[in-house]
Amino acid sequence: MKKFVFLAHGEIEQTPEFQQAHMKWWAAMESHVVDSGNPLFNGKDVAKGGSVSDIDGSSAALGYSIIQAESMEDAIALLEHSPMDMWVYEAMPM
């Protein structure tokens, strides 16, 4: 099994409908979860030269989860009913 990082981004409306959709989606894919993750906030962009700036809210990651799947295609399939926009990255073993 490979590991993948799901990064939620975009707009999330904290409505009862969103909460219900999120819980239903999470229950359907929970067996693949390695680390349920956390919400992310107060992001900073630190350049290699040391300069620090705030991350623009429209492009910020909102939270992460780490899951297991056989392939990128399988990881993407787990997002079929996600109520959030996600970036997906394969975590390469070191």
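Helices here are DSSP runs of H or I with at least four residues, and strands are runs of E with at least two, numbered from the N terminus. By that rule Ala8 is found in strand β1. A word on the source: this is a predicted model, where local features need pLDDT of at least 70 and side-chain atom pairs count only at pLDDT 80 or more, while totals for chains, interfaces and linings use all residues. Residues are numbered from 1 along each chain as its sequence is written, and side-chain values use heavy atoms, with hydrogens and water left out.

The protein chain has two helices and six strands, in the order β-α-β-β-β-β-α-β from the N terminus. Its C-alpha atoms fill a box of roughly 40 × 40 × 20 Å along the principal axes. For burial I use relative accessible area with a 1.4 Å probe and protein chains only: under 20% is buried, over 50% is exposed, and in between is partly exposed. Of the 94 residues in the protein chain, 24% are buried.

Back to Ala8. It counts as buried because its relative accessibility is 7%. Ala8 and Ser65 are 57 residues apart in sequence, yet their C-alpha atoms are 8.6 Å apart in space.

Next, the core. A nonpolar core is a set of buried Ala, Val, Leu, Ile, Met, Phe, Trp, Tyr and Cys residues joined through side-chain atoms within 4.5 Å. The largest one has 15 residues, and those with the most contacts inside it are Phe6, Trp25, Met29, Ile67, Ala75, Met84 and Met86. Two or more residues come from each of β1, α1 and β5, and α1 gives the most, with four.

On aromatics, rings of Phe, Tyr and Trp (its six-membered ring) pair if their centres lie within 6.5 Å; planes under 30 degrees apart are stacked, over 60 edge-to-face, and the rest tilted. How many aromatic pairs does this rule count? One. The ring centres of Trp25 and Trp26 are 5.8 Å apart with planes at 70°, so the pair is edge-to-face. Both Trp25 and Trp26 are buried.

Now the pocket. On a 1 Å grid over the protein atoms alone, a pocket is an open set of points where a 1.4 Å probe fits, with protein on both sides within 12 Å along at least five of seven lines; lining residues have an atom within 4 Å of a point. Points are joined across faces, edges and corners, and the volume is the space filled by probe spheres set on them. The largest pocket holds about 300 Å³ of space. It is lined by 19 residues, and Ala8, His22, Pro39, Gly63 and Met84 are the closest to its centre. β1 (2–9), α1 (16–29), β2 (33–39) and β5 (61–69) each supply at least two lining residues.

Ser82 sits in the loop between α2 (72–77) and β6 (85–91), and it is buried because its relative accessible area is 16%. Asn42 lies in the loop between β2 and β3 (44–46). Asn42 counts as exposed because its relative accessibility is 59%. The phi of Asn42 is near 60°, a positive value in a residue other than glycine. Most residues other than glycine have a negative phi.
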